Amino acid sequence: MNYKKENGWNCINSREVVFDFSEGYKKFLDGAKTEREFVTEGIKLVEKNGFVNAEKKDKLTVGDKVYYVNRGKNLVLAVIGKEDIENGINYVVSHVDSPRLDLKGNPLYEDLDLAYMKTHYYGGIKKYQWASLPLALHGVVVLASGEKVEITIGEKDEDPVFTIPDILPHLSAKIQGDRKTGEVIKGEELQIIVGSIPSSIEDKDVKEKIKYTVLEILNRDYGMIEEDFISAELELVPAGRCRDLGFDRSMIGGYGQDDRICGYTSMMAIIDLKEIPERTAVCFLADKEEIGSTGSTGLKSDYINYVTGDMIYKLKGNFNEMMLRKTLWNSNAMSSDVNAGIDPIFRSVHDAQNAAKIGYGVVVTKYTGARGKSGTNDADAEYVGKIRKMLNNAKVNWQIGELGKVDEGGGGTVAMYLAHLGINTIDIGPALLAMHSPFEVSSKLDVYETYRAYKVFFRN
């Protein structure tokens, strides 16, 4: 009669399967620390598993496996199902951007014989967590010639890294002593140190010779000049690999698990579909969620309509607006994003009865939002009931979860943008500890159970 949450480790048949799946997850994340890298690595993976670029196909038929790419930051995978597409699609929608630091458009300067670069943080971070931390530089630069150059510095053992030097505690009392938590390090203080050796150039017009040394290196290695920073997307992320966490190796620590944990598991779930699903299955990997899903690669854009419309046209040979609306209105979706795991150190911000626990399986979140459910989807009871029945029938370890106490704070996902299209939508993904930090913590069991949940959803 009673509802009881249970530790998932007591319910699984094989820990080896869980641990093996997590090895693939860690390896993938190590090579996909930005949204662009996730899409690039994702394309390599899906092409190895039989997916072809949809833009190369004039027609689609049942069983086809295709992918779409939008500006290098969205990747959409589809397996065409047996049913008429107008009966609806099963979407699993994740985001593959994560909180980080972006270089400003004109970042480089010299002061007191040190070269620095200025940054602008992206998404919700605790700024102090990014100081005195080894950072790697990832991204692309479009040179004056139009050539696009990819840059990754700080991930190989022989690479240099970068850091934001914090002030020593001996001298911090006046500068930081009275600051609130959010201002211990201020946004304009998030600057990386990048050099200290003066250039040997003998040019009277070059006054800042340490800055010039940095420019010489960038020009030698990447063909850059200073103006090229303006047409660059360069991101600073924590340097280093995902690691096993704990004596029992039951957890994973690493950067970017929000929300690449869902991006990877949903991608693997659709790759591993061995049979043709009844309804068309779509894995949609979005960008810009951490800043409101804006822009041409965020879920507020029209790209989901573009992809869905293209599939309708290539399946039926014709297309109209009503066909698209009918398809979307008959569709189901999982907004696959993470929830906050309850931490005994900070238990006061959670309602323990409704909070998610790591190691207890995938988290079903009926609503997110804040201040009276503002900015949420709030899935209807009928759809929650279907999802609950589906997970129970498949013996997936799952739990219900909320994002903190009612007046404590809150957050959102892409769920409401899917629901605006008429798609039945619910949030479902694993719980994390230290969410939005440079070193987030997940449970290996939850990673695997999230994969299982998405896979059974794709299977219908």
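Tutor: Throughout our discussion of this predicted model, a residue counts as buried when its relative accessible area is under 20%, as exposed when that area is over 50%, and as partly exposed in between.

Student: Why is serine 293 called buried?

Tutor: Serine 293 has a relative accessibility of 1%, and the cut-off is under 20%, so serine 293 counts as buried. This serine lies in the loop between β13 (280-286) and α6.

Student: What makes the phi of serine 293 worth a remark?

Tutor: Its phi is near 60°, a positive value in a residue other than glycine. Most residues other than glycine have a negative phi.

Student: How do you know whether lysine 373 is buried, exposed or partly exposed?

Tutor: The relative accessible area of lysine 373 is 38%, which falls between the 20% and 50% limits, and therefore lysine 373 is partly exposed. Lysine 373 is found in the loop between β17 (369-370) and α8, and its phi, near 65°, is again a positive value in a residue other than glycine. Just after α8, lysine 395 takes a positive phi as well, of about 55°.

Student: How do you know that the span of helix α8 is close to what is expected?

Tutor: Helix α8 (residues 381-393) has 13 residues, and from its first C-alpha to its last it reaches 18 Å, which is close to the 18 Å expected at 1.5 Å a residue.

Student: Which residues of α8 are buried, and what puts them on the same side?

Tutor: The buried residues of α8 are Tyr383, Val384, Ile387, Met390 and Leu391. They cover an arc of only 125° around the axis, and therefore they lie on the same side of α8. On the other side of α8, the exposed residues are Ala381, Glu382, Lys386, Arg388, Lys389 and Asn393. The cover over the buried residues of α8 includes strands β14 (332-335), β16 (362-365), β18 (398-400) and β20 (424-429), together with helix α10.

Student: Which residues are buried in helix α7, and what puts them on the same side?

Tutor: In α7 (residues 321-329), Met323, Leu324, Thr327 and Leu328 are buried, and their arc around the axis is only 125°, which puts them on the same side of α7. Met322, Arg325 and Trp329 are exposed on the other side of α7, while β4 (89-95) and α6 (303-316) are among the elements that cover the buried residues.

Student: Why does glycine 309 count as buried?

Tutor: Glycine 309 has 9% relative accessibility, and the limit is under 20%, so glycine 309 counts as buried. This glycine has its place in helix α6, and, leaving aside neighbours within four places in sequence, glycine 309 is in contact with Phe319 and Leu324.

Student: Which residues of the largest nonpolar core touch the most other members?

Tutor: They are Leu77, Met267 and Ile270, in a core of 56 residues. The largest share of this core, nine residues, comes from helix α10 (residues 444-459). A second, separate core has 33 residues, including Ala131, Ala136, Val141 and Val194. In soluble globular proteins, nonpolar side chains tend to be buried together.

Student: What makes one space a cavity and another a pocket?

Tutor: In a cavity, a 1.4 Å probe fits but cannot get out, whereas a pocket is open. The structure holds one cavity of 30 Å³ or more, lined by residues that include Thr368, Asn377, Met416 and Asp427. The largest pocket holds about 1,200 Å³ of space, and of the 41 residues that line this pocket, Ala340, Leu403, Gly410, Met435 and His436 are the closest to its centre.

Technical notes:
Residues numbered from 1 in each chain as written. Predicted model: local features only at pLDDT ≥ 70, side-chain atom pairs only at ≥ 80, totals over all residues. Heavy atoms only, no water. Core = buried A, V, L, I, M, F, W, Y, C linked by side-chain atoms within 4.5 Å. Buried < 20%, exposed > 50% of the residue type's maximum accessible area, 1.4 Å probe, protein only. Helix = DSSP H or I, 4+ residues; strand = E, 2+ residues; numbered from the N terminus. Expected span 1.5 Å × (residues − 1). Arc of directions from axis to C-beta. Contact = heavy atoms within 4.5 Å. 1 Å grid on protein atoms, 1.4 Å probe; cavity = no way out; pocket = protein on both sides within 12 Å on 5 of 7 lines; lining within 4 Å. Points joined across faces, edges and corners; volume = space filled by probe spheres on them.
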